[in-house]
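Please look over the sequence and the structure before reading on.

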Amino acid sequence: MAVVMDAFYRPTKPLITSSTPSSLIHNGCYVSNTTSFRLHRINSSKLGHGCSWMQDNSTYRDIIANNERRHGPLHSVFPPTRAEVSSVKDLFEFICSGPLIDKLGFTPETIAESIDKWLEKGSHVCKLFNLNDLFLTTPQKARIYHYYIPVFLWCEQQIADHRSAFKDGDDIPPLVIGFSAPQGCGKTTLVFALDYLFKTSGRKSATISIDDFYLTHDDQVKLRERNPGNALLEFRGNAGSHDLSLSVETLTSLEKLTKEGTKMKLPRYDKSAYNGRGDRADPSTWPEVEGPLTVVLFEGWMLGFKPAPAEAVKAVDPQLEIVNKNLETYYDAWDKFVKSWIIIKIKDPSCVYDWRLQAEVAMREAGNPGMTDEEVRDFVSRYLPAYNAYLPTLYTEGPKGSDSKRTLIVEIDEGRNPILAG
């Protein structure tokens, strides 16, 4: 038996500093109004040693691989993990060490004052993913307390700022927050967690993806026939393969869900139809949302992309020229509805291939259908030209019409966790 104080976190700062409120210290541990973690004796053989926050979780990886959002609680997404127990003082310091803390304006003092909220939201996320908040591995803690909760708190502030612009009695449209992030980086799961946190906070939210606006199968076939030999428009994905009128209709209707009793159905896309080529899901299966909505979480791999000079895109890939032309109509259909932006930044688009390959390998190992390595390479190759052409401008300038005060850029590593911006 061993006494484990901190099997997963090595503080670079003193655990208790001169700025730590004395009300939070008791016998060397931070104490909140609702929670007090103590040191526990555990069997040292049970200590975690994995490097993935979703280790051995094929169910979860299947969800990401297929980019399908769930519209209800996730049950048994994560298996029980080895025991790693923390005191609140350790968790406080772990939160303070997060790479987004300074960017979001948090200080040790403000975190200490709101520690109950951090613990409450952390408990909700653990419940969502079937995790025990006293038995978290380092990657799990980082994903929750360095990523999901800080981003959620930023979103809450954006909502407060948005609503403050209206007068009492006004119909306040929901804030549309756009999430622009490459495939496989975890944006769908981030949005899923945020949606859950909003609902547990008593706020009504809706989630929508650019995938939901893909052309029907028949229209995608027509698009391919109009562009013979263009691999970028052969299948769904790039600009030109979306029903922009459906986008406008959906986003406009969502903005009108300001009163009790107002309802609408959200379009969904079935990627499994036509042997994986996909088709719009039957409207009878579309989920219904009810007003008054507080926030709409709108995510997509190419959300916020702006047309580039023709010569620049031709230098990347001549096939991209028509895609670039198609992109000119996307601002009015998508981006103009977005008032706050979260941009997930990656250092190298090749990560997309690695992430997709990991997901497909996991699916195959679990006995489920999955693409071969060559099929993954072909799949990703149809997106890489757009990444190479549009990501640099997205990262330096932001989406068209965006406000830097209402834009959060989160740089992530190959493990999909936020890092300090370089």
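In what order do the five strands of the open sheet come, and is the pairing parallel or antiparallel?

## Basis of the model

This is a predicted model, in which local features need pLDDT of at least 70 and side-chain atom pairs count only at pLDDT 80 or more, while totals for chains, interfaces and linings use all residues. Residues are numbered from 1 along each chain as its sequence is written, and side-chain values use heavy atoms, with hydrogens and water left out.

## The open sheet

The order is 6-11-5-12-13, and the pairing is parallel; strands (E, at least two residues) and helices (H or I, at least four) are DSSP runs numbered from the N terminus, and two strands pair if DSSP finds at least two bridges between them. Strand 6 (205-209) and strand 13 (407-411) stand at the edges, and because each has a single partner strand, one side of each is left without a neighbour in the sheet. From one strand to the next, the twist averages 15°.

Strand 6 is joined to strand 11 (residues 295-300) by five bridges, and Ala 206 has Val 296 of strand 11 as its bridge partner. Helix 6 (residues 187-200) lies across strand 5 (175-180), strand 6, strand 11 and strand 12 (340-345), running at about 175° to strand 11, where angles run from 0 to 180 degrees between N-to-C directions of axes fitted to C-alpha atoms and contact means heavy atoms within 4.5 Å.

## Helix 2 and the cysteines

In helix 2 (residues 88-96), nine of nine residues are buried, that is, under 20% relative accessible area with a 1.4 Å probe and protein chains only; among them are Phe 92, Phe 94 and Cys 96.

The structure holds zero disulfides, a disulfide being a pair of cysteine sulfur atoms within 2.5 Å. Cys 351 is in no disulfide, and the nearest cysteine sulfur, that of Cys 185, is 9.9 Å away. Cys 351 is buried, with a relative accessible area of 7%, and Cys 96 is buried as well, with a value of 10%.

Methods: Buried < 20%, exposed > 50% of the residue type's maximum accessible area, 1.4 Å probe, protein only.
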